[in-house]
Amino acid sequence: MAGRTVQVRGLPAELPPDRVADKLTIHFLRSRNGGGEIADVQVLPGACALITFEAPEVAQRILKTEHVLSVGGRRYPLEVTAHGAELSPDEV
């Protein structure tokens, strides 16, 4: 299913990857942020993450909205772009 994965940059580098993944999951599940059901979140080195949604229309909505992640009173503007390669559940 093409078009379900987005790449997110601008993450708080000082937080552990599992906490960043939790914060991203909460942010992108919220309908007020354009989000929806998430299939997978992978936090990669370099303050970057890949988020795969259950439905491609959710990923398309996410791309049309500006996102700011709030963590501990600090705000992190996120850069969200389409990601070309899809994640396979076997790769997780």
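This is a predicted model: local features need pLDDT of at least 70, side-chain atom pairs count only at pLDDT 80 or more; totals for chains, interfaces and linings use all residues.
Among contacts in this chain between residues at least 6 apart in sequence, 64% join residues at least 24 apart.

First, the layout. The chain has two helices and five strands, and from the N terminus on they run β-α-β-β-α-β-β. There are 92 residues in the chain, and 40% of them count as buried. The accessible surface comes to about 5300 Å², with 51% of it belonging to carbon and sulfur atoms.

Now helix H1, residues 17-29. How far apart are its end C-alpha atoms, and what span should its 13 residues give? At 1.5 Å a residue the helix should span 18 Å, and the end C-alpha atoms are 18 Å apart, so the two agree.

Which residues of H1 are buried? They are Val20, Ala21, Leu24, His27 and Phe28. These residues cover an arc of only 130° around the axis, which puts them on the same side of H1. As for what covers the buried residues of H1, the list includes strand S1, strand S2 at 38-44, strand S3 at 48-53, helix H2 at 56-63, strand S4 at 67-71 and strand S5 at 74-82.

The largest nonpolar core has 22 residues. Those with the most contacts inside it are Val6, Val8, Leu24, Phe28, Ile51, Phe53 and Leu78. Two or more core residues come from each of S1, H1, S2, S3, H2, S4 and S5. H1 gives the largest share, four residues. In soluble globular proteins, nonpolar side chains tend to be buried together.

Leaving aside neighbours within four places in sequence, Leu24 is in contact with Val8, Leu11, Val41, Ala49, Ile51, Leu69 and Leu78.

How are the rings of Phe28 and Phe53 arranged? Their centres are 6.3 Å apart and their planes are at 75°; an angle over 60 degrees counts as edge-to-face, so this pair is edge-to-face. Phe28 lies in helix H1 and Phe53 in strand S3, so the pair ties together parts that are 25 residues apart in sequence.

Last, two residues of strand S1, which covers residues 5-9. Gln7 lies in S1. Is Gln7 buried or exposed? Gln7 has 17% relative accessibility and the limit for buried is under 20%, so Gln7 counts as buried. Not counting residues up to four places away in sequence, Gln7 touches Cys48, Ala49, Leu50, Glu79, Val80, Thr81 and His83.

Arg9 is also placed in S1. At 35% relative accessibility, Arg9 counts as partly exposed. With residues up to four places away again left out, Arg9 touches Gly46, Ala47, Cys48, Pro77, Leu78 and Glu79. Where does Arg9 stand relative to Leu50? The two are 41 residues apart in sequence, and their C-alpha atoms are 9.1 Å apart in space.

That is what I have for today.

Conventions
Residues are numbered from 1 along each chain as its sequence is written. Side-chain values use heavy atoms; hydrogens and water are left out. Buried means under 20% relative accessible area, exposed over 50%, partly exposed in between (1.4 Å probe, protein chains only). Contact means heavy atoms within 4.5 Å. The expected span of a helix is 1.5 Å times one less than its number of residues. The arc is that of the directions from the helix axis to the C-beta atoms. Accessible areas come from the Shrake-Rupley method with a 1.4 Å probe; for residues, only the protein chains shown count as cover. A nonpolar core is a set of buried Ala, Val, Leu, Ile, Met, Phe, Trp, Tyr and Cys residues joined through side-chain atoms within 4.5 Å. Rings of Phe, Tyr and Trp (its six-membered ring) pair if their centres lie within 6.5 Å; planes under 30 degrees apart count as stacked, over 60 as edge-to-face and the rest as tilted.
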